[in-house]
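Hi,

Here is the structure I said I would pass on.

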Amino acid sequence: MATFGTLSDRLTETFRNLRKKGQLTPADVDGTVREIRRALLDADVALPVVKEFTAAVRERALGDEVNRALNPAQQVVQIVNDELIGILGGQQRRLQFAKNPPTVIMLAGLQGSGKTTFAGKLAKMLEKDGHTPLLVACDLQRPNAVNQLQVVAERAGAAIYAPEPGNGVGDPVKVARDGVAYATRQQHDIVIIDTAGRLGVDAELMKQASDIRKATQPDEVLFVIDAMIGQDAVNTAKAFQDGVDFTGVVLSKLDGDARGGAALSVASVTGRPIIFASTGEGLDDVEPFHPDRMASRILDLGDILTLIEQAQNAFDEAEAMKVAEKLATETFTLEDFLEQMQQMKKMGSMKKMLGMLPGMGNMKQQLEDFDEREIDRTEAIIRSMTPGERRNPKVLNGSRRLRIARGSGMTVTDVNQLVQRFEQAAKMMKTVARGGVPNIPGMGPVGGKPGASSKRGKQQKAKGSRSGNPAKRAAENAGIAASTAPTGSGFGLGGQKAPTEADLAELQKMLGRG
């Protein structure tokens, strides 16, 4: 979601300053609205949309819902979030399928907007849902457009209808009509028509798109727009709405580094919902568009729901149960660790997943510095081990580690660090599996109060006896220790038991003295 990065940074900074104020005055609200207006304009959001948006925010921010709120700043953030969802379309809109198949989906847009790639992405997404899509090559104008669609269809594992070679040869209207008939005969339940684009809006483009629509009567006409196109996005969308009248919008190239705010204007200006968002070049880099989730990402509030959905799609439930059982029985090995990493890779880019967590906008530099190839390096080290070494890392002596380092193209230090990290991670996961509190190295128990033990130690030291008689001092200190002994654990689970011999042996083992 790099396209909205600048807008997200500006809005986050504005709200950070707002949260410092306990009570908001009209001047504070006006200043906040002014900063929001500048941020939206800098992000290329259309001026009419900016005016409507900021007016609505100001009116609500000066109303009773903020004045009566316990935390006015948070209430303003909620108002901005609500209004942002509004200009993004409000409710999510799904594809509308025909009662009698095939469902015909026509793609329209300028040349280079990403129509052909999105056709493959959509086909692959629909196949996962049990549909049998057919791609129809109606872009007979652009050089090698038909060949490109054939390659995309092959990668997506979808069928394609391409009777004409393209490169200026063939009638796109006839191909579209024949493609729908072919899909009916071959029992494809969805037809995706890839139409031609132009470098700019012209009469010939609109006539061809309009003729294809009349010939095929599509159930959905999706307007694919480049999120980095700038202010011209609104003019292009209006032109296509007047010439073809699309039913939904697809935002492509949301992974770009441009300001991209003009794409936010499309739904508000045209009144047509955004249905899909394309976030990369891979055929899996597309997701249904949720206005509320996108608004949360822009405001750096995270997108946990999308992250959970991606995890559910990538992770096998039966495998997850096996892993949980292995953790509980302490049989989790490097082989299981390797399988878990491979499933994580199915979810896509780690940077994108981490970026969906709330507050990650404050860690943008750390995200940029994150090396995606670290997972590949870890996988290479584990694959250089024998099955026995993966199941029991304790057998890894110096010569074995040197062999593994050479086999994976890494250093012995890298191998040592991997084994150490695995042991720490396995220990933490075992603790969690047993219902305990994990102890993070250098941070102590999760949820604990840092410095509490040292403070308690200082208090006990201050209460100690200062008698000059050693026997008397020892007796008084023993009495103090007895009176201040804890009567229950920190979790209210009763008194602490004295450590057993097994506990002491386990402690010595953890300290490396067993």
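First, a term: I call something a salt bridge when a side-chain nitrogen of Lys or Arg is within 4 Å of a carboxyl oxygen of Asp or Glu. Bear in mind that this is a predicted model, so local features need pLDDT of at least 70 and side-chain atom pairs count only at pLDDT 80 or more, while totals for chains, interfaces and linings use all residues. Residues are numbered from 1 along each chain as its sequence is written, and side-chain values use heavy atoms, with hydrogens and water left out.

**Salt bridges**

The count comes to 15 salt bridges. One of them joins Arg58 and Asp30, at 2.7 Å from N to O. That pair links distant parts of the chain, with Arg58 in helix H3 (residues 47–61) and Asp30 in helix H2 (residues 26–42), 28 residues apart. Helices (H or I, at least four residues) and strands (E, at least two) are DSSP runs, numbered from the N terminus. For accessibility, buried means under 20% relative accessible area, exposed over 50%, and partly exposed in between (1.4 Å probe, protein chains only). Arg58 is partly exposed at 36%, and Asp30 is partly exposed at 24%.

Asp284 has two partners to look at. With Lys124, the closest N and O atoms are 3.3 Å apart. Asp284 sits in the loop between strand E7 (274–278) and strand E8 (286–288) and Lys124 in helix H6 (residues 115–128), so this bridge ties together parts 160 residues apart in sequence. Asp284 also meets Lys128 in a salt bridge of 3.2 Å, N to O. Here Lys128, in helix H6, and Asp284 are 156 residues apart. Lys128 is exposed at 59%, whereas Asp284 is partly exposed at 47%.

Gly89 follows H5 and has a positive phi, near 120°.

Arg93 is in the loop between H5 and strand E1 (103–108). Its side chain makes a polar contact of 2.6 Å with that of Glu220; a polar contact is a pair of N or O atoms within 3.5 Å, where within protein one must be able to donate a hydrogen and the other to accept it, and residues adjacent in sequence count only if both atoms are side-chain atoms.

Cheers
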